[in-house]
Amino acid sequence: MTSATNSALAQTNHDLRIVLVNPPVLAVFEPWYDTPDFGRVALACLAAYLRQHGYSNIKIVDAKFERIGFDKCLSEILAFEPDIVGYTAFTNEIKPAAYVAAKLKEVKPNILNIIGGVHLTSIPAKTMQEFAMFDIGVIGEGEDTLLEIVRAYEAKLPLIDIAGTIYRTADGGLQQGPVRERIMDQDSLPMPAWDLMKPAGTYYVQTLRGCPFNCLFCMNPNGRIARKRSVGLIIEELEYIINTFHPERISFGDELFSVDMPRTHALLDAMIEKGIGQKVKWDVQTHVRYVDAAMFKKFRLANVDRVEMGIETGDEASLKKMGKGTNLKMIEDAYKAARVEKVKIGTFFILGQPNESSESIKNTIKLAVKINPELPMFGLMTPYPGTAIADMAAKGEGGYKMLSTDWDEYNKQIGGALAFKNISRRQLEFYQSYAYLMVYLRNFRFGALLLFLLTYRVGIYKFIKKVIGGKQKMMHGVSKPKDYDTLTSSTLVTEADMIESYKAWSKYQKESMVSLRSKTSVEIEEA
Ligand code: B12
Ligand code: SF4
């Protein structure tokens, strides 16, 4: 944008009306995700940034958190009379987002529909082709890009050439703007606008963006440089949330909470000093490489409720190929250290690793039983676009066969997107249930098993129905709005597109960090 445009914009009133939307769910499969007691961080971050730049007519409609369906979501958006509506979507949320956007266009064709979030980021051109109701897409980190779109829209400038966007050209084609550099100085961003959401039971707080690893199943949306907020600002956000909303829990949403261990010690010291852990339950997700005896001791002193780590598999050969930078010894050492300090642990495992066999799954279950996490989680491999797994599945490598690019099927617990050559889908689903049972039963945790069954009863019922019924599709039998399938038909994405999306995202990932690597003096952890 030119300086002339910028000064013209500085004089405007910023009376644009903007709604930011987390779309409703089609059906409740996993109550924790589908009827969450927490709002979507991305929307709070974007709203805060717009507000910091003078746009105060903003409404957040977080349909999942507010537990509202499509009709209510639409009426809430329309009641605000927006000029611009922005949608966020993971892959399993893109069709519901597209449905809301299409319905809005039917009644208000002039509303500008913007789509952002990890799905659009991972496969931008195809998403825009597949879903014509989106006018423009935002690739990657959204704050600056959204602000530039809003400013250009307000100034009635064509929405072209803005870095980090994919937009429609006058002749009906698609064009990508220049690559948007990532925001190195995360302290320059305002605190998420939590005040624009209803008070929640749980708050996800982000202390950094990025992760140095390169797991086959993850697109690592924030890039391989961990960009951190400073301890003072994090404490400020924690205290604000606790004192204003009195939540039950704060979950740190970082990919790797303790990736910078000295900084983590400093943060935990500050939390201990302020007694944060006495005021609220809190948990983190991190990586076995970045925890040790001293760290767990500090976690205990800070009164952590649970430390969660992605273990993924108990098979050494699979671990080696995964790109996570771990091995069995590292995993077992981390869990021993946690046990010494009596810190509760949660673990994520993924069944369906490349060339997975009954043998390698048994290794995973054996490890899970041995480390006996308080909260075990076993997902099924899902070929999210932009990942090496999707690339392999599309090429028929790794023992995979792609079943579907119907994004509604892209759920890690019971989705039906992938088939496996060495092992049938039903066998895999059987192992998934068996794994949960083994962890609880072999460790004589009968009460915990009962609690688990009660908590996840809806998902378990749907899962059993699907397995017994022999249905591969998760969405089988789910009732949808009657025009849902027509408005969100999703047949356009092919295996070749998935291969291309992996290539394109790997390239974008690198380019969005080129100058950060040379500019920053902040220490960078590379795997
Ligand atoms: C924390 C987290 C969660 C939390 C969310 C908590 C919350 N309140 O938001 C929980 C645990 C609930 C969760 C659940 C799931 N998650 Co999750 N999650 C993450 C994680 C670690 C961080 C996400 C985050 O909040 N980032 C911080 C915000 C600020 O970043 P952001 O969301 O990317 O938003 C920025 C940009 O994307 C963009 N943007 C986003 N939306 C929009 C909208 C507009 C209009 C614009 C302009 C820009 C824009 O701007 C934002 C600010 O820069 C990511 C990994 C990661 N590093 O991102 C995985 C990740 C997003 N999750 C993933 C998945 C798969 C899931 C599940 C589907 C798992 C499952 N059950 O199958 C569920 C979905 C639940 C649901 N349907 O609601 C995948 C998504 C892959 C994909 N292609 O979909 C990721 C990438 C992890 C991975 N390893 O693959 N998740
Ligand atoms: S450790 Fe792996 S799964 Fe976790 S955020 Fe990093 S790359 Fe993704």
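Tutor: Helix 3 (41-52), strand 3 (84-88), strand 4 (112-116), helix 7 (118-122) and helix 9 (143-154) each give at least two residues to the shell around ligand 1, where helices (H or I, at least four residues) and strands (E, at least two) are DSSP runs numbered from the N terminus. This is a predicted model, in which local features need pLDDT of at least 70 and side-chain atom pairs count only at pLDDT 80 or more, while totals for chains, interfaces and linings use all residues. Residues are numbered from 1 along each chain as its sequence is written, and chains are lettered from A and ligands numbered from 1 in the order in which they are written.

Student: What makes ligand 1 lie between domain 1 and domain 2?

Tutor: Domain 1 (13-176) and domain 2 (306-326 + 345-475 + 490-519) both contribute residues to the shell, so ligand 1 lies between them; the domain bounds come from an automatic or database domain assignment.

Student: Why is glutamate 312 called buried?

Tutor: A residue is buried if 20 or more other C-beta atoms, placed from the backbone, lie within 10 Å of its own, exposed if 12 or fewer, and partly exposed in between. Glutamate 312, in strand 13 (residues 306-312), has 25 such atoms within 10 Å, and is therefore buried.

Student: How do you know that lysine 342 is exposed?

Tutor: Lysine 342, in the loop between helix 15 (328-340) and strand 14 (345-351), has 8 other C-beta atoms within 10 Å, so it counts as exposed.

Student: What is phi in glutamate 312, and what is phi in lysine 342?

Tutor: Phi is near 75° in glutamate 312 and near 55° in lysine 342, whereas most residues other than glycine have a negative phi.
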